[in-house]
Amino acid sequence: MPTVTLPSRSVPVLAEAEVVVCGGGPAGIAAALAAKRAGRSVVLVEQSGILGGMGTGGLVPAFIVMGDGERVLADGICREVVDGLASRMGVTPNYQWQNIQPELLKSLYDDLVTAAGIELYLGLGGVEALLEGNRLAALVVATRQGLKIVCGQVFVDATGDGNLSAWSGAAYDLGDAEGKTMSPSLCVQYAGVDWDAYRQGVGNGNSDRAVWHRLMDAGTAPVAERHFVGFFRNGTGIGTGNLGHIYGVNGIDEKDITRGYVEGRQIARKIHQFYRERVPGFAQSELVNTAAVLSVRETRRVRGDYQLCYDDYLRRASFPDEIGRFAYPIDIHSSTSDPKEQEAVERRLDETRLKRGESYGIPYRALLPQGIANLLVAGRCISCDREVQSSLRVMPGCFVTGQAAGCAAALAVASAGETRRVAVGELQDLLRQQGAYLRD
Ligand SMILES: Cc1cc2nc3c(=O)[nH]c(=O)nc-3n(C[C@H](O)[C@H](O)[C@H](O)COP(=O)(O)OP(=O)(O)OC[C@H]3O[C@@H](n4cnc5c(N)ncnc54)[C@H](O)[C@@H]3O)c2cc1C
């Protein structure tokens, strides 16, 4: 690709805080709240107009598997969010599978972040890192008036894609050995669903998945999709669906992302037609929304001081610098429509499920991008291999690493922002004070 050198120029300082969080998804919200509650000034920068990342803008249907079957592992901020959402939805919180009503979740996040006194910027994308030696001095942001900067002592990369880490020069991995990543989806919302009729259909062996699989077997499904996730109720007559994969999309490539949206909306219309014609309770349903944000499962995994790996998952590892534990199984969606690969996904999910009471630890070092003194990474782009990423990427896991990154950032302020000078014992104490689960 040809390059052009931009002229150097002075740009205004938009904001300054002790802790700057880039990205307002589950990880970024948790990081910002944790740092603020630990007494630090915090700026939170989110490129879209909404907080919540995939769980709101991406219409991801549910918070899944917060615990190990015996206790809630994603305790603290994740539990607070799920409790708050359930209360607004008028249901009892479910820590295994909490369906999301996206508008209620958006307003809950707005309330939590603004009530905490976090300096929030929506519709403001970070575009570049300003480095001074091995320190990140500022985040460059794109405003409607041109570039501005946000200065801080400690930064948290909660962009999901590891953007800030990559701009800072941190090494990262992407996908499998060939660079292939899990396929994204474009989640959808329908209105006008008759849930009573659907429940009756399920009782008669006609759940959406069952009907879909019959069409796949007969070779008459509207799109090739062996791994069919499904549609979930989240209100009277409404629901959201995680339906259809978009193949061959690299989630950090501009052209691929554009194709992802266009193809995603085409797939959404085809699958909705299937629901209307074939699934009990959906005859009068309307496709009212496709996600504003392409639902990307996997992009960069930033290389940190420790790379959490599948072997750690298998041996249910514990670490002296543990900042949390998690238990969701290995869930690597296929990068292709190959039916064999697609069938293997759900098999592996079942085969790798940990037993009741089992979990694996997450070390603090997995949040420390190599070579940068005052940067933490949180959420689905932390330092791990593909297997562990496919487990930790679900939202409760992202809350766990986000809350830990926020607490660590708050403590690092006392050491000129140096994240590696944070005393692990102090970090673990602060996390416990904030309600996080850590093994004794
Ligand atoms: C189709 C699909 C279905 C899923 N289903 C489930 C499910 O059922 N349950 C579950 O728990 N998890 C599910 N997940 C996983 C989960 O939703 C995500 O992995 C999780 O939201 C990641 O959290 P995060 O905070 O790391 O990133 P994200 O949720 O992606 O949030 C990152 C935020 O950073 C912002 N951002 C990015 N770049 C910049 C920038 N340069 N400047 C400012 N802001 C920026 C983004 O706009 C976004 O708001 C699913 C994911 C997908 C894709």
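Visitor: What share of the 440 residues of the protein chain counts as buried, and what makes a residue buried?
Guide: In this predicted model, 52% of the residues of the protein chain count as buried. As the model is predicted, local features need pLDDT of at least 70 and side-chain atom pairs count only at pLDDT 80 or more, while totals for chains, interfaces and linings use all residues. Residues are numbered from 1 along each chain as its sequence is written.

Visitor: Why is G53 called buried?
Guide: G53 has 29 C-beta neighbours inside 10 Å and therefore counts as buried. Its place is the loop between strand 2 and strand 3; helices (H or I, at least four residues) and strands (E, at least two) are DSSP runs, numbered from the N terminus. Leaving aside residues up to four places away in sequence, G53 touches G24, G25, P26, G58 and G160, where contact requires C-beta atoms, placed from the backbone, within 7 Å.

Visitor: Why is W195 called partly exposed?
Guide: W195 has 14 C-beta neighbours inside 10 Å, so it counts as partly exposed. W195 belongs to helix 5 (residues 195-203) and touches R233 and G281, not counting residues up to four places away in sequence. The C-alpha atoms of W195 and G237 are separated by 6.5 Å, although the two are 42 residues apart along the chain.

Visitor: Why is the protein chain said to agree with a compact globule?
Guide: For 440 residues, a compact globule would have a radius of gyration near 22 Å, and the protein chain has 21 Å, so the two agree. The radius is taken over C-alpha atoms, and the globule rule is 2.2 Å times the number of residues to the power 0.38. The C-alpha atoms fill a box of roughly 65 × 55 × 45 Å along the principal axes. Among the contacts with a separation of 6 or more, 76% join residues 24 or more positions apart.

Visitor: What makes a set of residues a nonpolar core, and which residues of the largest one touch the most other members?
Guide: Such a core consists of buried Ala, Val, Leu, Ile, Met, Phe, Trp, Tyr and Cys residues joined through C-beta atoms within 7 Å. The largest has 99 residues, of which V19, A31, L139, V156, L367, A408 and A409 touch the most other members. Helix 11 (residues 395-412) provides its largest share, 12 residues. A second, separate core has 27 residues, including L243, Y275, A291 and V293.

Visitor: Why are the buried residues of helix 6 placed on the same side of that helix?
Guide: The buried residues of helix 6 (residues 208-218) are D208, V211 and W212. They cover an arc of only 100° around the axis and so lie on the same side of helix 6, the arc being that of the directions from the helix axis to the C-beta atoms. Their cover includes strand 11 (230-235) and helix 7 (254-278).

Note on methods:
A residue is buried if 20 or more other C-beta atoms lie within 10 Å of its own, exposed if 12 or fewer, and partly exposed in between; C-beta atoms are placed from the backbone. Two residues are in contact if their C-beta atoms, placed from the backbone, lie within 7 Å.
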